[in-house]
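Reader: Could you walk me through how the helices in this one are arranged? I would like to start with whatever I need to know to read the angles.

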Amino acid sequence: SGQATTSASALAVLPALFMAILAAADSRMAHFYATEVAGAVCVLGAAVLSYGGWWWMQHLMESRR
């Protein structure tokens with residue numbers, strides 16, 4: 001269960017980490033994420049989908065106990 005929890009957490013954090021790396025590497029991406037509607041949709045979508053995936057994996061792990 002510990003390995004599954006760690007994997008679920010890593011998979012949930014990776015999209016945010018990738019966006020942060022992109023924003024740090026290219027100021028145009030930081031500008032896109034911070035000021036454009038499409039950028040905000042990308043950030044919000046990534047957050048919602050990551051949380052949903054994390055929640056689903058936690059739910060599956062709980063049902064296997």
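Author: Axes here are lines fitted to C-alpha atoms, for helices over the stretch in contact, and the angles between N-to-C directions run from 0 to 180 degrees. Please keep in mind that this is a predicted model.

Reader: Fine, so at what angle do α1 and α3 cross, and how close do the axes come?

Author: The axes of α1 and α3 cross at roughly 175 degrees and come within 9 Å. Because angles over 145 degrees count as roughly antiparallel, α1 is roughly antiparallel to α3.

Reader: Which residues meet there?

Author: On the α1 side they are Ala4, Thr5, Ala8, Ser9, Leu11, Ala12, Pro15 and Met19, and these meet Cys42, Val43, Ala46, Ser50, Trp54, Met57, Gln58 and Met61 in α3. Sorted by class, this contact of α1 with α3 has twelve nonpolar residues, four polar ones and no charged ones.

Reader: Switching to α1, where does it have a kink?

Author: The kink, of about 35 degrees, lies at Leu14, shortly before the proline Pro15. Helix α1 covers residues 2–25, and its 24 residues reach 33 Å from the first C-alpha to the last, which is close to the expected 34 Å.

Reader: What about α2, how does it sit against α3?

Author: Helix α2 (residues 27–35) and helix α3 (residues 37–64) have axes that come within 5 Å and cross at roughly 85 degrees, which means that α2 is roughly perpendicular to α3. The contact is made by Phe32, Tyr33 and Thr35 of α2 together with Val37, Ala38, Gly39, Ala40, Cys42 and Val43 of α3. Seven of the residues in this contact of α2 with α3 are nonpolar and two are polar, with no charged residues.

Reader: Then the remaining pair: at what angle do α1 and α2 cross?

Author: They cross at roughly 125 degrees, with axes that come within 5 Å, and this makes α1 oblique to α2. Met19, Leu22, Ala23 and Ala25 of α1 make the contact with Ser27, Met29, Ala30 and Tyr33 of α2. By class, the contact of α1 with α2 has seven nonpolar residues, one polar residue and no charged ones.

How values were computed:
Residues are numbered from 1 along each chain as its sequence is written. This is a predicted model: local features need pLDDT of at least 70, side-chain atom pairs count only at pLDDT 80 or more; totals for chains, interfaces and linings use all residues. Side-chain values use heavy atoms; hydrogens and water are left out. Helices (H or I, at least four residues) and strands (E, at least two) are DSSP runs, numbered from the N terminus. The expected span of a helix is 1.5 Å times one less than its number of residues. The bend at a residue is the angle between axes fitted to the seven residues ending there and the seven starting there. Angles under 35 degrees count as roughly parallel, over 145 as roughly antiparallel, 65 to 115 as roughly perpendicular and the rest as oblique. Contact means heavy atoms within 4.5 Å. Ala, Val, Leu, Ile, Met, Phe, Trp, Tyr, Cys and Pro count as nonpolar, Asp, Glu, Lys and Arg as charged, and the others, Gly among them, as polar.
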